[in-house]
Amino acid sequence: MKKILFLSASLLLAGCAGTQTLPDPRIEAGQDYLPPIAVMVDSLEHGTELRNYLRESGVFSKVENGVAGEGQTQVMVKLDAQRKVAPAPLLFLSAATLFLLPLQSDLDTKADFTVMRDGKVLKRYHYENYMAKYAWLLDLGIPEREENIRRVARAFARDMQAANQASKPLEAQR
Amino acid sequence: MNNLVKAALMAAGLALLGGCNPSMKPLGYHAQKPYVPMSLLVLPDGYTRFDVQERDELTSAVRSSGAFSFVDHGLPRKGYALVISQPPGEGAGFLVALNALTLLTFPVPYSYVHNLTGKVYKDGELLRTFSYKREGMSVGAWYVPPPITENQRQMLTELMRDLEASALIPHVDDAGQVGLVDQR
């Protein structure tokens, strides 16, 4: 009995860990803050979250929402975060076991960042992050979903920092 | 009870649960030219599951009119914003709730007042308020769809038409803003 319990516990603990395809970006500490940016996100659910993660990254001196002023950097984000959940019959099966049966609860995120200044596009970044996760009653996978968005935001912050460090300020493309 | 009756009851139950959910039809307005990137805020922003569902439904109804080139959510300090809210009106009251005793079969009449307000902001300052109201009578019974969905649709349609006519929010220029609209 003990063995079975132990086995199922370790299976739940080990097998249900969420994985992300985008590695956690390393942001260098001790750099100067980048000038303020104004960020607009085309997502009802994750817009505020994404802006908060950009603030949390510590790369920008200020992250505002809305439209940028003259000479200020504007970032437009098309964020498409799709939940992938198990099909309905499996969901019912899991409900019948009081959600002890782990279920697929993935998040597929694709994000396009467009960096602009004074109406001109300076650069575009594209990120994809797929979070795979089996969720059950005591582990719904909410931190993993947040981590998914967080990594996308941090990847963008890192790339902006790198672009700035290369000491060639972003030039207009056209 | 034999199996046939059971199956019929089950099918009828599923049809009632699934088929009678009145979802909003598309607005009777389609934009010729989208507005510049702006913010949209539908209130209440969501405390309960029903709030969130209603917010999402209204948001997608407004967005599907094609009036927006790029929508951010929230109230920004800079740029244009449209805030849509529904001030409290009147709805089905205590009598209709009592009607649950008849399993909502007896048609209990009630009067309703539905409100909808659209506020246009620029740089955090209120430019104009558009208010709409629908009053009428309906009955609370399971076979009569609640009038709120259709009323919301009509009021949103009027709001989007009036917004277009007011010319408060500039449209996307053919020159400078193309990069925003089409990303790839």
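Of the 56 residues in the largest nonpolar core, which touch the most other members? They are A:Val39, A:Leu50, A:Leu54, A:Val77, A:Ala153, A:Phe156 and B:Leu156, where a nonpolar core is a set of buried Ala, Val, Leu, Ile, Met, Phe, Trp, Tyr and Cys residues joined through C-beta atoms within 7 Å. A residue is termed buried if 20 or more other C-beta atoms, placed from the backbone, lie within 10 Å of its own, exposed if 12 or fewer do, and partly exposed in between. The structure is a predicted model, in which local features need pLDDT of at least 70 and side-chain atom pairs count only at pLDDT 80 or more, while totals for chains, interfaces and linings use all residues. Residues are numbered from 1 along each chain as its sequence is written, and chains are lettered from A and ligands numbered from 1 in the order in which they are written.

Helix α4 (residues 142-165) of chain A gives the most to the largest nonpolar core, with seven residues; helices (H or I, at least four residues) and strands (E, at least two) are DSSP runs numbered from the N terminus. Leaving aside neighbours within four places in sequence, A:Val39 is in contact with A:Arg51, A:Leu54, A:Val63, A:Asn65, A:Val75 and A:Val77, a contact being two residues whose C-beta atoms, placed from the backbone, lie within 7 Å.

Chain A holds four helices and seven strands, which follow one another from the N terminus as α-β-β-α-β-β-α-β-β-β-α. Its radius of gyration is 20 Å, well over the 16 Å that the globule rule gives for 174 residues, so chain A is more spread out than a compact globule; the radius is taken over C-alpha atoms, and the rule is 2.2 Å times the number of residues to the power 0.38. The C-alpha trace of chain A spans about 65 × 35 × 25 Å along its principal axes, and 35% of the 174 residues count as buried.

Within strand β6 (residues 120-132) of chain A lies A:Tyr125, which is partly exposed because 17 other C-beta atoms are within 10 Å. Residues up to four places away in sequence not being counted, A:Tyr125 touches A:Phe113, A:Phe156 and A:Asp159, and its C-alpha atom is separated by 6.5 Å from that of A:Thr114, eleven residues apart along the chain.

In chain B, five strands form an open sheet of mixed pairing in the order β2-β1-β3-β4-β5, two strands being paired if DSSP finds at least two bridges between them. The edge strands are β2 and β5 of chain B, each of which pairs on one side only. Strand β1 (residues 38-42) of chain B runs parallel to β2(B) and is joined to it by three bridges, with B:Met38 opposite B:Val71 in β2(B). Strands β3 (residues 80-85) and β4 (residues 108-122) of chain B pair in the antiparallel sense over six bridges, B:Leu82 standing opposite B:Val120, whereas 15 bridges join β4(B) to the antiparallel strand β5 (residues 125-140) of chain B. Two residues lie between the strands in the hairpin of β4(B) and β5(B), where B:Asp123 takes a positive phi near 50°.

The contact between the chains takes 18 residues from chain B and 19 residues from chain A. On the side of chain B that touches chain A, α2 (49-63), β2 (71-73) and α5 (178-181) of chain B each supply at least two residues, and β2(B) gives the most, with three residues.
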